[in-house]
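Reader: I have a new model open. Walk me through it, one feature at a time.

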Amino acid sequence: MANLILILGDQLSHQLSALEGADKDNDRVVMAEVHDEASYTNHHKKKLIYIFSVMRHFARELEQQGWHVHYQRYHPDNPEQSLEAVVSKLAAEHRPEKLITTECGEWRLHSQISQWHEHLGIPVEIRPDTRFVCRKQEFADWAKGRKQLRMEFFYREMRKKTGLLMTPEGKPEGGQWNFDSDNRKKWSGKPPAPAPFRVEPDSVTREVIQLVEEYFPDHFGTSEDFHFSVTADQAQAALEHFIDFALPCFGDYQDALSDHEDWLFHSILSPYLNTGLLDPTDVCQAVAQAWYSGRAPLNAAEGFIRQIIGWREFVRGIYWLLMPGYAKENRLNNQRSLPWFYWTGETKMRCMHKAIDATARNAYAHHIQRLMVTGNFALLAGIHPEDICDWYLAVYIDAFDWVELPNTLGMVMHADGGYLGSKPYAASGKYIQRMSDHCQNCHYRVQDATGEKACPFNALYWHFIDRHRDDFANNPRMAMMYRNWDKQPDERRRAILSRGEWLLANLEQL
C-alpha cells in the first residue's frame with residue numbers, strides 16, 4: 001500500500017483535497033464511525049443519523065468508483081474507539097508510506113491529528129480544505145492590522161473575488177452591496193410556505209436509525225420523520241427545490257418567526273454545505289443565476305449569498321484566527337447554568353417553547369430562532385458561554401465547531417467583547433412580537449415589563465442593559481437604549497430591576 005487517506009464525516013466531497021492525485025489501485029481510504037466522535041457531546045439523534053448515513057453512502061460511492069475503502073461501522077464494543085486508534089491499527093497492518101487527510105473543522109481534533117505522526121511512526125500530510133472561498137491564511141492577511149473585523153467589508157471582498165452578483169464594471173448588482181433592510185418582513189401566512197424537500201429513508205438510512213435508537217437512546221431529540229438528503233444527488237435536488245419554491249420569498253421573510261411553520265422559506269442546505277455534499281460556490285452561482293433569469297428577486301439572492309460567502313466564511317476565518325483561546329472567552333463574566341428547559345422545551349414562554357420544540361423534532365431551527373430567541377434569552381440571562389455553546393453544538397444537524405462556536409460565543413453571547421459583532425444582539429419581547437405571531441398565543445404579556453405575567457424578555461433586557469452599563473454605555477450603537485433607560489422614572493426602573501432579579505433567580509420556573 002502507498003498511502004492511507006483519512007476522510008472525516010464532514011468531508012464528503014469527491015473533490016476533497018485529500019483525494020487529489022491519489023492512486024485508486026494502491027491507496028486505501030479510511031472512514032470510521034467511532035465512539036469518541038459520536039458521544040463527546042449529547043448529539044441530536046437526527047444529527048447522528050445524518051452523519052452516519054451520509055458517510056455510509058459516500059463510502060459506497062467511492063467503492064463503486066474503484067476505491068479501496070476501509071469503513072468501520074459504529075458499535076459500542078469496537079476495539080478502536082477513536083479515529084487515531086483506527087488509523088494506528090491500519091498503519092501497523094499495512095505499513096503505508098504516509099497518512100493523507102484534509103484539515104478538519106474542529107480545533108480539538110486538529111490538535112490531535114497534528115500530533116499523530118509521533119504516535120503512528122509515519123508522516124502525516126494535512127492538506128488545506130479547498131471547499132471554502134477564503135483560505136485560512138488569506139483571512140489572516142485580511143484581518144492583520146485591523147482593530148475590528150466587520151463582516152460587511154469582508155463580504156465585499158468575497159463578492160469581488162467570486163464575481164457573484166457583480167456587474168462587468170466591478171460594481172454590485174442593483175447598485176448596493178447589501179439588501180438586509182429589505183429582508184425583515186413579518187409573515188402573516190401568505191404567501192403559503194412551501195413544504196420542505198423530503199427524501200424517504202432508504203435501507204442504509206433505516207439501518208442507521210435502528211443503530212442510533214439502540215445505542216444512543218437517551219440522546220436529545222427524536223429519530224422520527226427523518227427526511228434529510230444523504231447523497232450529493234439528493235442534496236442537489238434539495239437546492240433545486242429551494243430555488244423553485246422558497247427562494248422567491250426568502251429575502252422578504254428570512255427573519256420572520258412563525259407559530260405554525262417550522263421551515264418557512266429557508267433553504268435547509270446548511271447540513272449539506274457543512275458535510276461536503278454541496279459546494280458553496282456552486283450553490284451561490286445557482287442562486288445568482290436564479291436572479292439573472294428572473295426566478296427570484298435581488299434581495300433574496302443577495303441575502304442568501306451573503307450568508308454563504310459572507311457570514312459563513314467570516315466566522316470560519318475568525319475561528320481559525322483565534323483558536324484555541326477563543327473558546328474560553330467570557331468577557332461579560334456570565335456564570336449561570338443553562339436552564340433545563342433548553343433540553344425539554346417545557347417553558348411558558350411561547351417563542352422559547354416553539355424554537356426548542358422544533359429543534360427537538362427537526363435538529364434544526366433557523367438563524368433568527370437561534371440568535372433572537374434561544375440565544376437572546378441566554379444572553380439576557382447571563383448563561384455561561386460554554387454551556388450554551390455546548391447546547392448549540394449538540395442539538396443542530398448543521399453544527400460543527402468551526403461554525404457553531406463563533407456564531408454562539410461571539411454573535412449570540414458577545415463573550416468576545418465585540419470582536420465579531422459591534423453590539424450585543426440583545427432585544428426585548430417587542431422584537432419577537434414584531435417578527436412573529438408567538439406573542440398572541442403566549443402565557444405572558446409582551447406589552448408588560450413588570451408583574452407576574454409580564455414577558456420575561458422585557459425585564460431581563462433592561463436588567464442586562466443596566467448591569468452592563470460599564471461594558472456598553474460608550475458604544476455608539478447602544479447610546480439610544482441608555483438614554484431611553486435613563487429617562488424612565490426611578491420607581492419604574494426599580495420595579496423592572498426587581499422583576500429582573502426575580503426572573504434570574506427563578507429561571508427554571510419560567
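**Reading the strands, a loop, the core and a pocket**

Author: Four bridges join strand S1 (residues 3-6) to strand S4 (residues 98-102), and the two run parallel. Keep in mind that this is a predicted model.

Reader: Which residue in S4 is the bridge partner of Leu-4?

Author: Leu-99 is the bridge partner of Leu-4. S1 also pairs with strand S2 (residues 28-32), in the parallel sense, over three bridges. There, Ile-5 stands opposite Val-29.

Reader: How do I read the side chains of a strand?

Author: In a regular strand the side chains alternate between the two faces of the sheet. In S1, Asn-3 and Ile-5 point one way, while Leu-4 and Leu-6 point the other way. All four of these residues are buried.

Reader: Now a loop residue. Is Gly-276 buried or exposed?

Author: Check the relative accessibility against the cut-off: buried means under 20%. Gly-276 has 9% relative accessibility, so Gly-276 counts as buried. Gly-276 is found in the loop between helix H11 (270-275) and helix H12 (280-292).

Reader: What does Gly-276 touch, not counting residues up to four places away in sequence?

Author: Gly-276 touches Asp-10, Leu-12, Ser-13 and Arg-131. Gly-276 and Arg-295 are 19 residues apart along the chain, and their C-alpha atoms are separated by 26 Å.

Reader: On to the core. How many residues does the largest nonpolar core have?

Author: The largest nonpolar core has 159 residues. Those with the most contacts inside it are Ile-7, Met-31, Phe-314, Tyr-342, Met-352 and Phe-377. Helix H13 (residues 298-322) gives the most to this core, with 13 residues. Apart from this core lies another, of 18 residues, among them Leu-8, Val-34, Cys-104 and Trp-116.

Reader: Take Tyr-342. Which residues is Tyr-342 in contact with, leaving aside its neighbours within four places in sequence?

Author: Tyr-342 is in contact with Phe-220, Met-352, Ile-356, Thr-374, Phe-377, Ala-378, Ile-388 and Trp-391.

Reader: Last, a pocket. How should I describe one?

Author: Start with volume, then lining. The second largest pocket holds about 360 Å³ of space. Its lining has 17 residues, and Ala-327, Asp-390, Leu-393, Asp-401 and Leu-405 lie nearest the centre.

Reader: Which helix supplies the largest share of that lining?

Author: Helix H17 (385-395) does, with four residues. Helix H4 (107-113) and helix H18 (401-412) each supply at least two. By class, the lining of the second largest pocket has nine nonpolar, one polar and seven charged residues.

Methods. Residues are numbered from 1 along each chain as its sequence is written. This is a predicted model: local features need pLDDT of at least 70, side-chain atom pairs count only at pLDDT 80 or more; totals for chains, interfaces and linings use all residues. Side-chain values use heavy atoms; hydrogens and water are left out. A nonpolar core is a set of buried Ala, Val, Leu, Ile, Met, Phe, Trp, Tyr and Cys residues joined through side-chain atoms within 4.5 Å. Buried means under 20% relative accessible area, exposed over 50%, partly exposed in between (1.4 Å probe, protein chains only). Contact means heavy atoms within 4.5 Å. Two strands pair if DSSP finds at least two bridges between them. On a 1 Å grid over the protein atoms alone, a cavity is a set of points where a 1.4 Å probe fits but cannot get out, and a pocket is an open set with protein on both sides within 12 Å along at least five of seven lines; lining residues have an atom within 4 Å of a point. Grid points are joined across faces, edges and corners, and a volume is the space filled by probe spheres set on the points. Ala, Val, Leu, Ile, Met, Phe, Trp, Tyr, Cys and Pro count as nonpolar, Asp, Glu, Lys and Arg as charged, and the others, Gly among them, as polar.
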